[in-house]
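Biologist: Hey, I'm new to this one. Can you walk me through how it's put together?

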Amino acid sequence: MKEILKPKGLHELFSVQGKNVLVTGSGGLGSTIALAFAKSGARVFVADCLENKLQEVQDAAEKGNLQICTLSMDVSDKASVEDCFKTLLEKAKSLDVVVHTAGMGKNEAATECEEADIRRVLDVNLVGTILVNQQAARIMKAQGYGKIVNLGSIAGFMAHTLRSMPYAASKAGVHQVTRSFAAEMAPYGVNVNCVAPTWINTPLIARKDEAYYENIRKSVPFQRMGEPEEILGAVFFLSTDASHFVTGQVLLVDGGWSVTKAFA
Ligand SMILES: NC(=O)c1ccc[n+]([C@@H]2O[C@H](COP(=O)([O-])OP(=O)(O)OC[C@H]3O[C@@H](n4cnc5c(N)ncnc54)[C@H](O)[C@@H]3O)[C@@H](O)[C@H]2O)c1
């Protein structure tokens, strides 16, 4: 049974000081999250399948006089995920938080997308989430403590844009994986939650056509896409004692996208 939280001040509730944190994915969101954790006193590990993405976050950390440790991991490959967690545990000895941001998109018409692309998106986004959650949950179950934060999407709730069917299916799956893991892990003191953003300014959604950005501005009540820093609050909430009694939730960070179709 999860222990009742002892009274704490707000600063302590949101603290990540001294926590061992794994961030999967070293892209726009993952690198921002990893650097913010490192700045806040956590011991941060970042895992990605691309060496250049790991180098980028390492360079950014060094520039900011921060320390992070990079690890190689292909989240769609069970052996690679197991190796990565093994190496991490050898170095860190325990694991307090996993923020799972590794993922990919693919834009193709629903009637035209190739089977290989469909399988790749589901392998990376959905199977990858399951494999990473499994490894993290095993360690955290043995510890009797831990926080897992997955990255879902508004795409997991509604058809947010055309030509993204496999991605949308994968993200709906991530939301449900979160709920299922949460239910099974709660008796062991492990919280599993998910942050579901709207369009956030990262390489994942970079397009050339202005019409695309105009459509985003029109459909988000705040009239713009989000910036990576704008999901940090939600991620920190779900990674700390501040969310001690919160599990299985998918927290939308969407600038109001999900609550209105209003027009003047
Ligand atoms: N940016 C957005 O608008 C947005 C919106 C909603 C949800 N999300 C979700 O947030 C997460 C992070 O998105 P982002 O914007 O940082 O994307 P990004 O493209 O900037 O970064 C994704 C990272 O994942 C890594 N990756 C891809 N496949 C991998 C694999 N098999 N193994 C390990 N690493 C792999 C990539 O190398 C890259 O560094 C994704 O799950 C994405 O679906 C993003």
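Modeller: Let's start with a helix pair: the axes of helix H5 (residues 115–143) and helix H6 (residues 165–185) come within 9 Å and cross at roughly 15°. Axes are lines fitted to C-alpha atoms, for helices over the stretch in contact, and angles run from 0 to 180 degrees between N-to-C directions. Helices (H or I, at least four residues) and strands (E, at least two) are DSSP runs, numbered from the N terminus. This is a predicted model, where local features need pLDDT of at least 70, side-chain atom pairs count only at pLDDT 80 or more, and totals for chains, interfaces and linings use all residues. Residues are numbered from 1 along each chain as its sequence is written.

Biologist: Which residues of H5 and H6 meet?

Modeller: Among those in H5 are Ile118, Leu122 and Ile130, and H6 residues in the contact include Tyr167, Val174 and Phe181. Contact here is C-beta atoms, placed from the backbone, within 7 Å. By class, the H5 contact with H6 has 12 nonpolar, five polar and three charged residues. Ala, Val, Leu, Ile, Met, Phe, Trp, Tyr, Cys and Pro count as nonpolar, Asp, Glu, Lys and Arg as charged, and the others, Gly among them, as polar.

Biologist: OK, what about H2 and H3, at what angle do they pack?

Modeller: About 35°, with the axes of H2 and helix H3 (residues 51–63) 10 Å apart. On the H2 side, Ser31, Ala34, Leu35 and Ala38 meet Glu56, Val57, Ala60 and Ala61 in H3. That contact splits into six nonpolar residues, one polar and one charged.

Biologist: Switching topic: how many residues surround the ligand?

Modeller: There are 29, and the closest are Gly27, Leu29, Gly103, Thr202 and Leu204. A residue counts as near if its C-beta atom, placed from the backbone, lies within 6 Å of the molecule. Helix H2 (28–39) and H5 are the elements giving two or more residues to this shell.

Biologist: Which gives the most?

Modeller: H2, with three residues. By class, the shell around the ligand has 15 nonpolar, 11 polar and three charged residues.

Biologist: And how many helices and strands does the protein have?

Modeller: Eight helices and seven strands. The C-alpha atoms fill a box of roughly 50 × 40 × 40 Å, taken along the principal axes.

Methods. Contact = placed C-beta atoms within 7 Å.
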